[in-house]
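Open your viewer and get ready to click along. This tour moves from one selection to the next and tells you what to look for at each stop.

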Amino acid sequence: MQSLRLLPMTGAHSLQPIRPFDVNTYNLHKGSANKDSVFDLYYKCKTRKDWEPLEHYVQSIFTDLDALSMSFLNNSKENSMICPVDKHELNQTLTLLQTECPSSIFEAVFKCVNELLLDCAKDKDRTYTLLQLNSLVIIFQCVLFEREISTTMTINLCGVIASLCHTLQDVLCIYLIEDSTLSRSSSEKLSKDTFSFLLDLFHNVVRNCMSQPSESDASTRRLPETSLTPNSNPAVIDATRCLAMLYRFNEQHHFVSYADFYNDTVNENLEIKEDFPNFKDHKGFSFCDYSFILNPAVKADILKVESVFQMRHELQDAFFRTLLQGVNSPYLVLEIRRDHIISDALQQLYTKSIHDLKKQLRVQFVGEEGVDEGGVQKEFFQLIVRELFDLKYDMFSFNDESRLYWFSTNPNLDDHALQEYRLAGLLLGLAVYNSVILDIHFPRALYKKLMNVDVDLEDLKQLDPSLGKGLERLLSFDGVVESEYERYFQVDIRSCGNVHTYDLKPSGSSILLTRDNREEFVKLYIKFVLETSIEKSFSAFVQGFRLVCQDSAIKIFRPEEIEQLICGCSDLDFEALEKSTVYDGGWTNESPIIKYFWEIVHAFSYHEKKKLLFFATGSDRAPIGGLSKLQFVIAKNGGDSDRLPTSHTCYNVLLLCEYSSKEKLRERLLTSISNSEGFGMI
């Protein structure tokens with residue numbers, strides 16, 4: 001597929017007045033055009049060597065919205081297309097005008113289209129009908145045909161599309177990407193290439209208007225000459241709403257990855273302090289309302305800004321309460337015994353109010369030194385997550401094949417067990433709120449359920465590959481299902497050493513699995529495993545999570561992005577980390593010890609790299625966006641010495657002595673990273 005080429009922005013083209021001519025003389029259709037009428041007029045004009053009637057005819061159609069909407073319609077009885085416009089005949093007509101006629105006629109098409117769009121864009125109160133979508137289809141076919149379009153014309157086109165209601169936008173999207181050359185079922189007639197072209201078209205409008213604001217301000221249909229921010233630029237807003245149209249369509253048809261909707265220009269230039277208040281207060285335009293355009297790293301920054309603002313608010317509130325009511329801690333303080341980590345956390349968090357939970361977290365391990373500036377809490381989360389997922393508690397089960405955890409199926413959960421699930425969810429919410437990465441291994445289904453997104457067979461396959469593939473084989477089985485499977489609408493679940501049998505639907509024990517009902521069986525099986533069987537435990541888990549994250553910016557994330565936010569990234573790109581590292585205390589990237597350090601680290605195994613990362617930062621995973629987003633510092637800690645390297649995990653600082661040799665540095669570093677748990681060592 002050819003790439004889109006945006007032409008330089010120019011002022012609106014002016015057309016010569018259309019001189020009246022007798023349509024009866026040329027046997028023309030009044031108020032519309034089609035391939036036959038244009039071809040007939042072409043032959044007559046060619047014979048008479050007078051092209052003026054054809055040029056005027058083209059102008060009369062392409063400057064009239066209603067006339068254009070009635071043109072090039074597919075009236076064939078055998079037509080199976082959804083779009084009323086006969087794109088094939090339209091393209092034949094455009095080819096004729098471009099190759100067989102004077103250039104002025106083909107140029108007139110685009111001049112007329114530009115003026116038509118300009119008139120439509122100026123009329124902000126215009127209401128469009130379903131029939132008038134045909135005109136937009138024809139305009140887009142002209143764009144696809146030529147592959148060249150001025151930025152001004154594109155901006156006006158986005159303005160018209162953005163003014164449509166969602167229902168008409170969704171219909172228009174199908175019209176635009178339907179491929180008239182394919183004679184297949186309607187779902188297979190949709191062109192991925194055309195969809196990608198439209199996506200690129202709208203992305204480019206946003207990029208151009210954000211990177212060249214002065215130029216776009218001067219030439220767009222309704223922008224003032226004053227400087228505009230992206231949040232107040234109508235061209236950017238309209239193009240973003242056009243991208244939203246494509247995003248809704250893509251969520252159903254999955255033409256491209258959701259990541260293809262990220263716009264680098266928006267992500268690099270987003271003013272969070274302007275955009276996020278608009279989102280929270282529901283006033284003005286906010287990219288957060290169109291969060292598909294924002295990458296996970298920017299979303300994480302937005303969430304952090306919100307959390308910091310909330311923490312400051314609670315800090316100020318605690319200060320004033322102290323003045324009025326006495327002692328009131330400005331922080332959420334947890335005093336934890338290492339050998340009673342779950343019971344201590346559960347007991348202390350259970351008594352906290354929502355306002356307390358929104359304070360900045362401070363953790364103190366009883367009997368240990370170490371002021372928590374972020375590092376102690378990282379270790380606290382690491383230890384308590386490890387404890388909660390220990391199989392001896394039977395809170396979560398572990399699938400050996402997928403290496404993932406899921407909620408244990410226990411039909412006899414007591415209040416204490418539900419409180420522990422609530423604690424697990426609360427810890428997850430606190431980790432998000434305090435920007436701490438957790439070493440947890442849940443399937444995508446958990447994050448979809450947190451975001452109220454339906455789960456499906458693919459989610460079950462990720463959690464339990466054997467079970468998922470077995471259900472897939474059932475759906476595709478060609479033999480006699482009854483004799484091959486001999487199953488009823490029941491499922492057996494092992495829990496606490498016992499096997500429990502559950503009906504998938506009322507009277508399931510008497511409903512035989514057949515070819516006709518196998519799809520229902522699979523849907524009910526998926527629902528039971530991922531929803532029904534864990535309803536109580538997951539409900540408690542979600543309750544805990546939402547104590548901190550309810551009504552927060554978490555809603556702008558996709559489930560896949562929530563997973564990255566909570567778990568970080570397992571891809572450890574130490575080349576990127578080296579490029580972004582800052583040096584302090586006399587070190588530079590040219591210092592011999594620093595060169596030795598990176599040579600040693602790049603030669604580490606993946607497991608050793610994880611240990612180093614945990615030692616220096618308190619987490620063995622990269623933050624959302626990768627290691628380049630980590631604010632990593634290497635500082636000088638004196639001359640040659642036998643002292644081990646140390647770290648301030650609160651600030652992601654690694655302290656190195658100026659060791660006398662590369663070998664000594666490697667030995668000292670490996671010793672440190674292999675004994676990194678506990679904050680009594682610094």
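Predicted model: local features only at pLDDT ≥ 70, side-chain atom pairs only at ≥ 80, totals over all residues.

**Stop 1**

Start with the cavities: a search of the whole structure finds six of 30 Å³ or more. We will visit the second largest cavity, which holds about 80 Å³ of space. Select Val385, Leu388, Phe389, Phe396, Ala424, Leu427, Leu428, Leu438, Ile440, Phe442 and Phe541 to show its lining. Which helix supplies the largest share of that lining? Colour α18, and you will find the three residues that make up that share. Both α17 (375-388) and α18 (415-433) supply at least two lining residues each. Now colour the lining by class: 11 residues are nonpolar, with no polar and no charged ones.

**Stop 2: the largest pocket**

Next, go to the largest pocket, with about 1300 Å³ of space. There are 41 lining residues, and the closest to the pocket centre are Lys304, Asn434, Ser435, Val436 and Asn652, so select those five to find your bearings.

**Stop 3**

Move on to the second largest pocket, where about 740 Å³ of space lies. Select Asp439, Ile440, His441, Lys610 and Arg621, which are the closest to the centre among the 31 residues of the lining. By class, the lining has 14 nonpolar, seven polar and 10 charged residues.

**Stop 4: a pair of helices, α5 and α7**

Two packed helices are described by the angle between their axes and the distance between the axes. Select residues 103-122 for α5 and 151-162 for α7; these helices pack at an angle of about 45°, with their axes 9 Å apart. The two helices are therefore oblique to each other. Their crossing is left-handed. To see the contact, show side chains for Phe110, Val113, Asn114, Leu117, Leu118, Cys120 and Ala121 on α5, and for Met153, Asn156, Leu157 and Val160 on α7. Nine of the contact residues are nonpolar and two are polar, with no charged ones.

**Stop 5: another pair, α21 and α23**

Finally, select residues 465-476 for α21 and 518-530 for α23. What is the angle between these two helices? They pack at about 165°, with their axes 9 Å apart. That makes α21 and α23 roughly antiparallel to each other, because angles over 145 degrees count that way. Here α21 passes α23 in a left-handed crossing. From α21, the contact is made by Leu467, Leu471, Leu474, Leu475 and Ser476. From α23, show Arg518, Glu519, Phe521, Val522, Tyr525, Ile526 and Val529. Coloured by class, this contact has nine nonpolar residues, one polar and two charged.

Technical notes:
Residues numbered from 1 in each chain as written. Heavy atoms only, no water. 1 Å grid on protein atoms, 1.4 Å probe; cavity = no way out; pocket = protein on both sides within 12 Å on 5 of 7 lines; lining within 4 Å. Points joined across faces, edges and corners; volume = space filled by probe spheres on them. Helix = DSSP H or I, 4+ residues; strand = E, 2+ residues; numbered from the N terminus. Nonpolar A, V, L, I, M, F, W, Y, C, P; charged D, E, K, R; others polar. Axes fitted to C-alpha atoms, helices over the stretch in contact; angles between N-to-C directions. Parallel < 35°, antiparallel > 145°, perpendicular 65-115°, else oblique. Left-handed = near helix turned anticlockwise from the far one by under 90°. Contact = heavy atoms within 4.5 Å.
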